[in-house]
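Good morning, and thank you for coming.

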Amino acid sequence: MQEEKQSNSLIKQILQTISDNSLVPFLAILTAVVVGGVIIAFVGGNPILAYRGLIEGSFGSTKALSETAVWATPYIFAGLAVALAFKGGLFNIGAEGQLAVGAVASSLIGYALPEWLGYDLPAIIHLPLAVLFGVLMGGLWAAIVGWLKAYTGGHEVINTIMMNYIALNTTSFLLNGVMKDRSPTNVIARTPLIADSARIPPIFDGLRVHWGFILALLVAFGIWWLLNKTTVGFQIRTVGLNPDAAKYAGINVKRIIILTMALSGMLAGLAGTIEVTGLNYRHELGFSIGYGYDAIAIALLGKSHPLGVVLSAFLFAAMRNGATRMQFLTQMPVDLISMIQAFILLFVAADAIVRYIYRIKSKGERVVLTRGWGG
Amino acid sequence: MDWKRFGFIALIIVVLFGTVVMIGQVKQPPVLIITSMLATTIAVATPLALGALSGVYCERAGVVNIGIEGMMLTSAFFGWLGAIYMYHIFKIPPSISIVLGVMFAILTGMLMALLHAALSITFKVDQIIGGTVINILAVGLTGFLNRQLFFGATSVFKGSVPSSPGVLPTIHVPLTEIFTSVCGTSASCLENLAAINRVFDQKPIAISAILLVFFSHYVLFNTRWGLRTRAVGEHPKAADTVGINVIKMRYANVLIGGMFAGLAGAYFTIESVPSFEPLLTNGRGFISLAAMIFGNWTPIGAWAASLVFGASQALLINMQIFRDVIPPQWSFLQESYIVGLTPYILTMFILTGIIGKTTPPAADGVPYEK
Amino acid sequence: MKKLYFVMALLIVASMVLTACGASAPTAEDCSKEEVFCVGLVTDVGKINDKSFNQSAWEGVQKSQADGVADVVQFIETSDAKDYAKNIAQFGDAGYDVIVTVGFGLGEATAAAAATYPSVRFIGVDQFQAETVAGVSGLNFPEDNAGFLVGALAAMMSESHKIGAVCGTDVVPPVWRFGEGYKAGAAYADGMNGTTTEVFVVYHSDVGFDKTFTDPEWGAQTAKSMMDQGADAVFGCGGLTARRHYRRRPGWRLRHRRGHRPVPDPARSCFPHALLRDEAHHPRSCRPDQGHQRWFHR
């Protein structure tokens, strides 16, 4: 009975949040789209055709929808990773590196574990092992930064940037060396294909969208629950708002900083892991060009709220996915998408501009997302 | 001044250089190696130092700037584009178009900074967002224009990329000429002199970067302007009560920061190579962000940090040049991925082991509301 | 609220007016017809105007249109490796007759697409086939030969007997073949002339894979570093990284017109000429009046 009530209030709450917060963002996106259209027209393109392509390419068919979900999956995980760190007052620029570490780790388990053991594992053991190992490695990678921050004061922004480069170089090293696919036809720096037992099956036959997408939605809900319904979540948010106050309130700030970073890294690692186990079935150099940086924009666009992150991840995914169709129809450069994304972020963030254009009264509150460098 | 920090940085640079000299001396005389590495170090550090200065100005005034990368990229593009337009469309002589190109780059940096300032100061948007918008916008804008202007038969230049009017010239410091008499007839002395001279023969932006570092340090810590800037970044309320216009100060400093980022952008396309490629800044803006924090928000500290990156780059290049004379017990140095880790591991090591906690300006990232 | 509607109406009208100005070319729709011959091109992760293999391939496709072979030509730029199959399918579903896929990264996706679209002919640029795939013509290029020629040339031209090569990452086989060919060429020239030439080959492998081909600043610094140490001929073989190297009067600069993957093109068949001595004075052109011999027997 009580459970029902709780879920009822939860749905209510979500609906309330959507209706409260959707008008201005909707108008902001509309404005960005119009600005983008004007630019397309200005350079001699056809904006209607371009947007038709964008929408057809992202939502026009079941296949297109499936591809959008495929794109959204890593975006949701990585966006959540950055958003969670923001909630804890930390700025994780290192999602890119954590993602790569997670992908390498899970692909290693995916292809090498059966070889080491000498027999095939059942999927029910192998798949969770591969995913968990990737997640753990991603978490560990970020936890190092958290530990440095907590115990030496080394700034997490520098350290995550540095760890990004370290991760990418190490990945290149491994993929060209011990982990390289040795089959004679392969010339690329990539791992062998992972075993069938370590693969996440697709949800529907013939479409690429896999259960990892459902997992992403569940994890988003889980993060919301963690942040808002648990003591740890409360502690993370308190440390994020004011570490000094948190300290006086008896929270172990150092532990929470490490934990936040570790959780954030686990989410980013999950993004890489799911790409390997659910989509590519191997890790290849050159995969993940900029998810970690897009994730910052996604987290900011979603105002660090898990639901917001899911929605903005979807928006970004739809635009990236639809870009192909748009280019096919109009031969417009894909960079146009980046421009429109920047405008969307601009107008959503600077809602004063949007409110001014459409003459909407401000509620007079300002959401604090990040705390700058924290200090 | 934090001498411990600079001491360690100097030590690390010496170690990096020493490693290369030890390995490479069978092939090249040490003087040649050291001077060549020094020249590389200074050149590579230039955009990083300028980017870091951009951050220092913004953040000392209390505005977080993670958009350095985007500002650099946009100004690199528009500086180059401006130079090309001046040269090919307006038929201005190459030397003048290059200088105008630098002006365009600086102006572009300022415009991007104006966007950041308007978002962060006037609209009081979260300052990380302003920077992120600039970073994404820069990628889109430069990529889009690079395509529209230079690709396809209908583009301005009929589908070809016109040759740029060139790059800024190297400024020759006549050391060799002055000290020739010291050497007499010794050939090796003359050779060494020529090699040493090469370190001083830098290009204008590289030289001005070094001058600007010290100039900025003076401005920020010894002038009224600097005091006001820091006051606005540390305690805007107090600054306001003594009659400093917080908003104005912040705007001014962010715009100055934009100019520095613009100059850094000009380095890429007008000083180093006369061409633009999408994403050519390759994350150097983020490295300069790290250098800024590393230098504890001081210009000289940030420059020292940039030099570590420059020296590491010189190490990487030379390790590959001397790859076949690396002794077998050091064979790990043949792996460029492993050597490539040097700057990043060093930075983390120095930061956590020696420097520890860095302190940003107290009001950094907090919009000012009366 | 009235004002709101007014502004929105204005924006919509504005976008419509602007649309009317835009040119519309309904072309791709006709490709399913038998008589319309369509060629589509899918790039590797990167841009169509990369001044390298994507662009060369696209120029070839455009030439087929100019020559009257193809009626419709289109390209799609891949922004992420997971889109390979989707991008090829975009053309396949639209009934294109020939699909060009550029880069070894698309090899598997191309082979898979060839099975899905048996009536479509595929051309895979730089795609090696262990077993012949029906419907796919793979194009491979002897980069080592080119590297060899440049290496021999450089070793013969060098007065300091120190020559260098600045390359993209050796992870990419063609780039590695360039580098090895370069070394072999220099050794060959040494054997012929009795000289000893030192060869510096530097790959930009110290950064992530996505950055290795788009870093002209690094290329310039590396080339300069080599010249500081006495190299007087530097070969650029690495996409955008090797573009427009450091210019210095006494230094010779050798480079490909199109980065690390030269695509055969009649206009460039006189390959050694493309190694122009000084671009400022001999702007990019093949100079038929200066035959191979002149360059090699200097």
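I begin with C:His161, which counts as partly exposed, with 16 C-beta neighbours inside 10 Å. By the cut-offs used here, a residue is buried if 20 or more other C-beta atoms lie within 10 Å of its own, exposed if 12 or fewer, and partly exposed in between, with C-beta atoms placed from the backbone. C:His161 is not a glycine, yet its phi is positive, about 55°. Its place is the loop between helix H5 (143-157) and S6 of chain C; helices (H or I, at least four residues) and strands (E, at least two) are DSSP runs numbered from the N terminus.

A word on conventions: this is a predicted model, in which local features need pLDDT of at least 70 and side-chain atom pairs count only at pLDDT 80 or more, while totals for chains, interfaces and linings use all residues. Residues are numbered from 1 along each chain as its sequence is written, and chains are lettered from A and ligands numbered from 1 in the order in which they are written.

Most residues other than glycine have a negative phi. C:Asp126 lies in the loop between S4 and S5 of chain C. Is C:Asp126 buried or exposed? It is buried, with 25 other C-beta atoms within 10 Å.

Let me turn to chain C as a whole. It has eight helices and nine strands, and 54% of its 298 residues count as buried.

Five of the strands form an open parallel sheet in the order S2-S1-S3-S4-S5 (chain C); two strands pair if DSSP finds at least two bridges between them. Strand S2 (72-78) and strand S5 (136-139) of chain C stand at the edges with a single partner strand each, so one side of each is left without a neighbour in the sheet. On average, and ignoring direction, neighbouring strands are turned by 15° against each other. Strand S1 (residues 38-45) of chain C pairs with S2(C) in the parallel sense over six bridges, and C:Cys38 has C:Val72 as its bridge partner in S2(C).

Strand S8 (residues 233-237) of chain C is mostly covered, with five of its five residues buried. C:Ala233, C:Phe235 and C:Cys237 lie on one side and C:Val234 and C:Gly236 on the other.

Now the contact between chains A and B. It takes 40 residues from chain A and 44 residues from chain B, where two residues are in contact if their C-beta atoms, placed from the backbone, lie within 7 Å. Which helix gives the most to the side of chain A that touches chain B? H6(A) does, with 10 residues. That side has 25 nonpolar, 12 polar and three charged residues; Ala, Val, Leu, Ile, Met, Phe, Trp, Tyr, Cys and Pro count as nonpolar, Asp, Glu, Lys and Arg as charged, and the others, Gly among them, as polar.

I close with A:Ala295. Leaving aside neighbours within four places in sequence, A:Ala295 is in contact with A:Tyr75, A:Ala78, A:Gly79, A:Ala81, A:Val82 and A:Ala95.

Conventions. Axes are lines fitted to C-alpha atoms, for helices over the stretch in contact, and angles run from 0 to 180 degrees between N-to-C directions.
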